[in-house]
Amino acid sequence: MKKLLLATVVAAICSYPVQAEVDISGFASVMGGKLTSGSGVALFGLEPTFLANYPTVGVYEEDWTFKPDSKFGLQMTAELTEGLTATAQLVGRGADDFDAGFEWAYLSYTLNEHWTLQAGKKRLPLYYYSDFFDVSYAYLWIRPPADNYTWQIFNYTGVNAQFNYQLSDWSLSGNIYTGREDDAENKLLSEFFGTEPVREIWKDIVGGVLSLNRDWLDLRLTYMTYQNERYSGGQRVFWDGEDTRRGNFAGLSVNIDYNNWLLLSEVNRLALDGDDYDTYLLSAGYRIQQFTPYVSYADFDSDGEKHNTTSVGVRWDFHNSAAFKFQFDDVNDKGIGSNQVAGDSKAITMGVDLVF
Amino acid sequence: MNWFKVMTLTAALAANTAFAEVAVIVHPSNAATLDQAEITRLFTGRGATFNNGNKATPLNLSESAAARADFDSKVLGKSSSQMKAYWSKLVFTGKGTPPKELNSDADMKAAVAADANAIGYIDAAAVDATVKVVAKF
């Protein structure tokens, strides 16, 4: 199903160059960093580590590395007929040794001025920054705070209906989506949190996003429910005797961009089989011409796993399509025993984000 | 040194364009009225029609054109890099497509004069009878 859809979208783009315009755009980040200190986790035999990106297991260690946050993306969009477009996005990440794959591949049909239907593979729009996580140029920091963006599944294949309305001074937009993701060998669960290959399935996904924008204020509400199914080393995983478990995710984001002040916030909860996983972030920045210094705090709290990150950094828009960023992160892992993730760490990261 | 050059260049550009006026233009047959909020809506992809219900096709100047930075800052209240970040988010999530870009005031005038749905902007000094001015900033 996934392969077929992908093939259809790619074929649609490739076979139309004569009649249709194919727009090519892209983004790239070249980021390097290293730990300045870190505790590691003796219990797991883990060396000092800054886990900057959970889903792709992007880790900084004591030596300089460019892998965790460096990436490139190429997007091809072909207008097939009036209102129908095919889009494919190829993304290569340093954390995957730049092994590029189709991260997005979907058909989009504009129903009318307000509604657009899409079908295919897209990113799961859970958190505020989830669906443009890789396009670092579009946000303030080097990466959305790792403590919030921890979930192992970040894509889905399915259908999506998005809308756009104007209500006096408010812009109302959002989407409703449904689909599933079957990740044959989930990187986070297989490589970081485990030693055996884990097949992670999120099925019966149903979710919605509602965004309200007015001048300098941006509000976003998000909700998603799914069924989790898992196989570890080929064996089905059971939770309290059940072979599936339900997760319900809800979140609120409030962002303000007023008189050069930026205030960014998110608060989210995933209720998974009776356990609550709470995350929030709070960032403030102040724009001085091309420079935007910022501070940020992000927190993850559950019964077992608890950690937070305090960050300071600066974004410098030195070019019309490129920004230099420098960031210092201080991670505090408050988990006890096996509830630790990667221990405490302090790290610096710097580099350039661009779009074209 | 480079640092100094960038700062000086920016200061020079800011000084240069401080007195230029931007004229927002439409086809002479277009009877719609437009205020700054409506223009902003059209140029940020949040609306696609004029207030008389007709389809609107916004046209942007490329970043090499002098009036672009003026339009972004005076009308949209953003820098050109902020607008680029804004559009990047929409483009790479399949939520929007930025307006087509034209290279010069002359190209813009010709495109607007030829399309009853078009809305664009040029340096106010370049306005002539082929287009209709709906607002100046």
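**Figure 1. The hairpin of β13(A) and β14(A) in a predicted model.** A:Asn255 stands opposite A:Leu264 in β14(A), in a pairing where strand β13 (residues 245-258) of chain A and strand β14 (residues 261-272) of chain A run antiparallel and are joined by 12 bridges. Strands, like helices, are DSSP runs numbered from the N terminus, a strand being E over at least two residues and a helix H or I over at least four, and two strands count as paired if DSSP finds at least two bridges between them. The hairpin has 2 residues between its strands, and A:Asn259 in the turn has a positive phi of about 45 degrees. Because this is a predicted model, local features need pLDDT of at least 70 and side-chain atom pairs count only at pLDDT 80 or more, while totals for chains, interfaces and linings use all residues. Residues are numbered from 1 along each chain as its sequence is written, and chains are lettered from A and ligands numbered from 1 in the order in which they are written.

**Figure 2. The hairpin of β14(A) and β15(A).** On from the previous view, β14(A) pairs in the antiparallel sense with strand β15 (residues 275-286) of chain A, over 12 bridges. Within this pairing A:Leu272 stands opposite A:Asp275 in β15(A), and the turn, with 2 residues between the strands, contains A:Asp273, whose positive phi is about 55 degrees.

**Figure 3. Strand β11(A) and its pairing with β10(A), β12(A) and β13(A).** Strand β10 (residues 198-214) of chain A and strand β11 (residues 217-232) of chain A pair in the antiparallel sense over 15 bridges, with A:Leu212 opposite A:Leu219 in β11(A). Their hairpin has 2 residues between the strands, and A:Asp215 takes a positive phi near 50 degrees there. β11(A) is also joined to β13(A) by 12 bridges, again antiparallel, and A:Arg245 in β13(A) is the bridge partner of A:Asn228. With strand β12 (residues 235-236) of chain A, β11(A) pairs in the antiparallel sense over 2 bridges; here A:Tyr231 has A:Arg236 as its bridge partner, and A:Gly233 takes a positive phi near 55 degrees in a hairpin with 2 residues between the strands.

**Figure 4. The open sheet of chain B.** The sheet is formed by 5 strands in the order β3-β2-β4-β1-β5, and its pairing is mixed. The edge strands, each pairing on one side only, are β3 (100-102) and β5 (132-136) of chain B. Neighbouring strands of this sheet are turned by 35 degrees against each other on average, direction ignored, where axes are lines fitted to C-alpha atoms, for helices over the stretch in contact, and angles run from 0 to 180 degrees between N-to-C directions. Strand β1 (residues 22-26) of chain B runs antiparallel to β5(B) and is joined to that strand by 4 bridges, with B:Ile25 having B:Val133 as its bridge partner. Helix α5 (residues 105-113) of chain B packs on the sheet, touching β1, β2 (57-61), β3 and β4 (118-123) of chain B, and its direction makes about 150 degrees with that of β4(B); residues are in contact if their C-beta atoms, placed from the backbone, lie within 7 Å.

**Figure 5. The buried face of helix α2(B).** In helix α2 (residues 36-43) of chain B, the residues B:Glu38, B:Ile39 and B:Phe43 are buried, a term for residues with 20 or more other C-beta atoms, placed from the backbone, within 10 Å of their own. Seen down the axis of α2(B), these buried residues fall within an arc of 130 degrees, so they line one face of the helix, the arc being that of the directions from the helix axis to the C-beta atoms. They pack against β1, β2, α3 (66-75) and β5 of chain B. Just after α2(B), B:Gly45 takes a positive phi of about 75 degrees.

How values were computed
Two residues are in contact if their C-beta atoms, placed from the backbone, lie within 7 Å. A residue is buried if 20 or more other C-beta atoms lie within 10 Å of its own, exposed if 12 or fewer, and partly exposed in between; C-beta atoms are placed from the backbone.
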